[in-house]
Amino acid sequence: MKSNEINSLKSLIALESVDEKLLEVLKKSFGKRLEKAMLTIKEERVHKYIFEPSNRVVWIVTGNERDYWIIPDIYCNCNDFYINVVSKNKYDACYHLLAKVLSEKLGNKYRIWKLKDERYINLMNEWKEV
């Protein structure tokens, strides 16, 4: 895939990795959303929760107002995702979803939390609240 073809979340997901040169190209496609996503990564606000022994994985991105639940590569429970991605079809990702994808493509730049399965239901109920 040529770097000028990386203009959507889907094309970004297809990449194996992202380097500094590619980030410059992505700025043109994602603009302010990329800046916010990169700041989120830098501030270590992308979290991967692994519940044991089931090995269920939940992705959470801490935003400005609260924690947001990410279904990898397709969904975020923030208002921006619902309004601008789903309803208005203005963008194809919120910055939380973009941060999750980029945190992996930049070499696993996220925090890992290992918790017992017993905590799963309570935490999911908390994260899903809007």
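## Burial and overall form

Of the 130 residues in the protein chain of this predicted model, 44% count as buried. A residue is called buried when its relative accessible area is under 20%, and exposed when that value is over 50%. The accessible surface of the protein chain amounts to about 8100 Å², and carbon and sulfur atoms account for 48% of this surface.

The protein chain contains five helices and five strands. Its radius of gyration is 15 Å, close to the 14 Å that the globule rule gives for 130 residues, so the chain is as compact as a globular protein of that length. Along the principal axes, the C-alpha atoms fill a box of roughly 45 × 30 × 25 Å.

## Order of elements and contacts

Read from the N terminus, the elements follow the order α-α-β-β-β-β-α-α-β-α.

## Charged side chains

The protein chain carries 23 positive and 19 negative side chains. The centres of these two sets lie 2 Å apart.

## Helix 5

Which residues of helix 5 are buried? In this helix, which spans residues 120-128, they are Tyr 120, Leu 123, Met 124 and Trp 127. Viewed down the helix axis, the buried residues of helix 5 fall within an arc of 100°, so they line one face of the helix. An α-helix has 3.6 residues a turn, so residues three or four places apart point the same way.

On the other side of helix 5, Ile 121 and Asn 122 are exposed.

## Helix 3

Helix 3 covers residues 79-87, and Phe 81, Asn 84 and Val 85 are buried there. Seen down the axis of helix 3, these buried residues fall within an arc of 110°, so they line one face of the helix. Asn 79 and Tyr 82, on the other side of helix 3, are exposed.

Against which elements do the buried residues of helix 3 pack? They pack against helix 2 (20-42), strand 4 (75-76) and helix 4 (95-105). Just after helix 3, Asn 89 adopts a positive phi of about 55°.

Key: Residues numbered from 1 in each chain as written. Predicted model: local features only at pLDDT ≥ 70, side-chain atom pairs only at ≥ 80, totals over all residues. Heavy atoms only, no water. Helix = DSSP H or I, 4+ residues; strand = E, 2+ residues; numbered from the N terminus. Rg over C-alpha atoms; globule rule 2.2 N^0.38 Å. Buried < 20%, exposed > 50% of the residue type's maximum accessible area, 1.4 Å probe, protein only. Areas by Shrake-Rupley, 256 points an atom, 1.4 Å probe, with all protein chains shown as cover. Lys, Arg positive; Asp, Glu negative; His and termini not counted. Charge placed at Lys NZ, Arg CZ, Asp CG, Glu CD. Arc of directions from axis to C-beta. Contact = heavy atoms within 4.5 Å.
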